[in-house]
Amino acid sequence: MKLDILALAAHPDDTELGCSGTIALQIAKGHKVGVVDFTRGEMGTRGTPAIRDQEAAASAKILGLSVRENLGFRDGFFKNDEEHQLQVMRVIRKYQPEILLINAPSDRHPDHGRASELSTEAWFKAGLEMIETFDGETKQAAWRPKAVYHYIQARYIQPDVVVDVSDFWERKM
């Protein structure tokens, strides 16, 4: 399934907190949007991975996501290395989004900045034909989304783009 927008996130609640209003707005405009979480948030002090799975599924339904996946990376310990880059490249090539929404480049939680770096490298490398990835046994075509936007998390970043999500605030909440 081709998506218009793919949001990548270190944890299952990152997109809900950082860009779910934008996601809801874009879905209302008829765009296909998906979310891929890197971890199950198992290091979080509130809740369990099972509860986070349930919350992510409920959020996907409320927002009307076309797809929600979890890559099962180890919370707190995933790296920006070849193994993880290839997994993120596979989902970028699988869904061929025009736009990526990714974690803030620097934030209170170290996973957010690391996820941003990982997403940025995977975004670039997904467009290189010389790097092969497979969906099952099918070789994937190179694909690089046209735009990448960071969503603000715990630390304020001066935005380049501001999206008015007033009409979708209740859904975001």
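This is a predicted model: local features need pLDDT of at least 70, side-chain atom pairs count only at pLDDT 80 or more; totals for chains, interfaces and linings use all residues.
Beyond residues up to four places away in sequence, Thr-15 is in contact with Ala-7, Ala-9, Ser-20, Ile-23, Val-35, Arg-68 and Tyr-151. Arg-68, one of these contacts, also forms a salt bridge with Glu-16, with an N to O distance of 2.5 Å. This pair joins distant parts of the chain, since Arg-68 belongs to strand β3 (residues 67-73) and Glu-16 to helix α1, 52 residues apart. Glu-16 is likewise classed as buried, at a relative accessible area of 16%.

When neighbours within four places in sequence are set aside, the contacts of Gln-85 are Asn-80, Leu-118, Glu-121, Ala-122 and Lys-125.

The model contains nine salt bridges. Among them, Glu-98 pairs with Lys-146, their closest N and O atoms lying 2.5 Å apart. Because Glu-98 is in the loop between α3 and β4 (99-102), whereas Lys-146 is in the loop between β6 (138-139) and β7 (147-150), the pair ties together parts that are 48 residues apart in sequence. Lys-146 is exposed, at 68% relative accessible area, and a network of salt bridges links Lys-2, Glu-98 and Lys-146. A further salt bridge connects the side chains of Glu-132 and Lys-139 at 3.3 Å, N to O; Glu-132 is partly exposed at 46%, and Lys-139 is partly exposed at 47%.

Conventions:
Residues are numbered from 1 along each chain as its sequence is written. Side-chain values use heavy atoms; hydrogens and water are left out. Contact means heavy atoms within 4.5 Å. A salt bridge is a side-chain nitrogen of Lys or Arg within 4 Å of a carboxyl oxygen of Asp or Glu. Helices (H or I, at least four residues) and strands (E, at least two) are DSSP runs, numbered from the N terminus. Buried means under 20% relative accessible area, exposed over 50%, partly exposed in between (1.4 Å probe, protein chains only).
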